[in-house]
Amino acid sequence: MPNRAIVLAAGLGTRMRPYNGHIPKPLVEIGGKSLIDYSLDRLADACVQRVVVNVHHLADALERHLASRQRPQIVISDERAALLGTGGGIAKALPQLGAEPFFLVNSDTVWLDGVKPNFTRLAEAFDPQAMDALLLLAPTTDSIGYVGRGDFTMLPDGRLRRRGENEVVPFVYAGAAVLSPALFADAPTGAFPLTRLFDRAGAKDRLFGLRLEGVWMHVGTPEAVAAAEAALAATH
């Protein structure tokens, strides 16, 4: 089981109006709990000891909020000077993440677990000999807050193929993964998207997926906040 993780929390959250003028997107609350705490609580439950959180937009508010957490240990990766993108942000944080595979989770992703926690399932399914990345995938048809044509097709052995320009595919990346540091070998410098490395791994047949068990909620807009709160309320 990976004992380190990174939570991506540096995005501008431009679609999350009216919140984003004064509340960073990771601190938007769903059912009385901030988005980022859903991710951090799940990582703590998975026995992750250290979590790197990258910050940029309204970083001071995020740092104040995170200072109150006892577990997991939080390490801030400061991107105030320049936003580095999803790939560049992780590359900057690699010295804090160590040499072993680690969890990645976006701060705007929330899900309801099935019988076994999805972080546990990811850890158990990750094979560093065959994989550079194992992505948690949600079905497009019954996910909450997602409107789109999907990201990937999954082959019977779990390998992933990215959606073509005019295709509709059954799975969307759910914003969580296990990544090997090998994914970042010879990575670009500066700002770049993580999808660039996913595509490179896919070309080498080292990009795999695992279907999420439970219900995934993409909380990217104020409308999605309401939908996610309704889904959470229905489970209690």
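This report walks through a predicted model of a protein chain, from its overall build down to a few single residues.

**Overall build**

Let's start with the whole chain. It holds six helices and 13 strands. How does the radius of gyration fit with a compact globule? For 236 residues such a globule would come out near 18 Å, and the protein chain has 17 Å, so the two agree. Buried residues account for 50% of the 236 residues. As for how the chain folds back on itself, take the contacts between residues at least 6 apart in sequence: 72% of these join residues at least 24 apart.

**Helix α4, on the inside**

Helix α4 covers residues 118-125, and six of its eight residues are buried, so the rest of the structure largely encloses this helix. The buried ones are Asn118, Phe119, Thr120, Arg121, Leu122 and Ala123. What does the covering? The elements over the buried residues of α4 include helix α1, along with the strands β6 (102-106), β7 (109-113), β8 (133-139), β11 and β12.

**Where α1 meets α2**

Helix α1 turns up again here, this time with a helix as its partner. Two packed helices are described by the angle between their axes and the distance between the axes. For α1 (residues 35-45) and α2 (residues 59-66), the axes come within 12 Å and cross at roughly 40°. Angles under 35 degrees would count as roughly parallel and those from 65 to 115 as roughly perpendicular, and α1 and α2 are therefore oblique to each other. Their crossing is right-handed.

Which residues make the contact? From α1 come Ile36, Asp37 and Leu40, and they meet Leu62, His65 and Leu66 of α2. By type, the residues of this contact split into four nonpolar, one polar and one charged. The spacing along the helices has a simple background: an α-helix has 3.6 residues a turn, so residues three or four places apart point the same way.

**Loops with something to look at**

Pro72 sits in the loop between α2 and β5 (73-78).

Two aspartates have a positive phi although they are not glycine: Asp186, near 55°, and Asp205, near 60°. Asp186 is in the loop that links β11 (171-179) to α5 (194-203), while Asp205 is in the loop between α5 and β12 (207-211). Are they buried or exposed? Asp186 is exposed, at a relative accessible area of 74%; Asp205 is partly exposed, at 33%.

Thr140 is another loop residue, placed between β8 and β9 (152-154). Thr140 is buried, with a relative accessible area of 19%. Which residues does Thr140 touch, leaving aside neighbours within four places in sequence? The contacts are with Tyr146, Gly150, Val169, Pro170, Phe171 and Val172.

| Residue | Relative accessible area | State |
|---|---|---|
| Thr140 | 19% | buried |
| Asp205 | 33% | partly exposed |
| Asp186 | 74% | exposed |

Notes:
Residues are numbered from 1 along each chain as its sequence is written. This is a predicted model: local features need pLDDT of at least 70, side-chain atom pairs count only at pLDDT 80 or more; totals for chains, interfaces and linings use all residues. Side-chain values use heavy atoms; hydrogens and water are left out. Axes are lines fitted to C-alpha atoms, for helices over the stretch in contact, and angles run from 0 to 180 degrees between N-to-C directions. Helices (H or I, at least four residues) and strands (E, at least two) are DSSP runs, numbered from the N terminus. Angles under 35 degrees count as roughly parallel, over 145 as roughly antiparallel, 65 to 115 as roughly perpendicular and the rest as oblique. A crossing is left-handed if the near helix is turned anticlockwise from the far one by less than a right angle, and right-handed if clockwise. Contact means heavy atoms within 4.5 Å. Ala, Val, Leu, Ile, Met, Phe, Trp, Tyr, Cys and Pro count as nonpolar, Asp, Glu, Lys and Arg as charged, and the others, Gly among them, as polar. Buried means under 20% relative accessible area, exposed over 50%, partly exposed in between (1.4 Å probe, protein chains only). The radius of gyration is taken over C-alpha atoms; the globule rule is 2.2 Å times the number of residues to the power 0.38.
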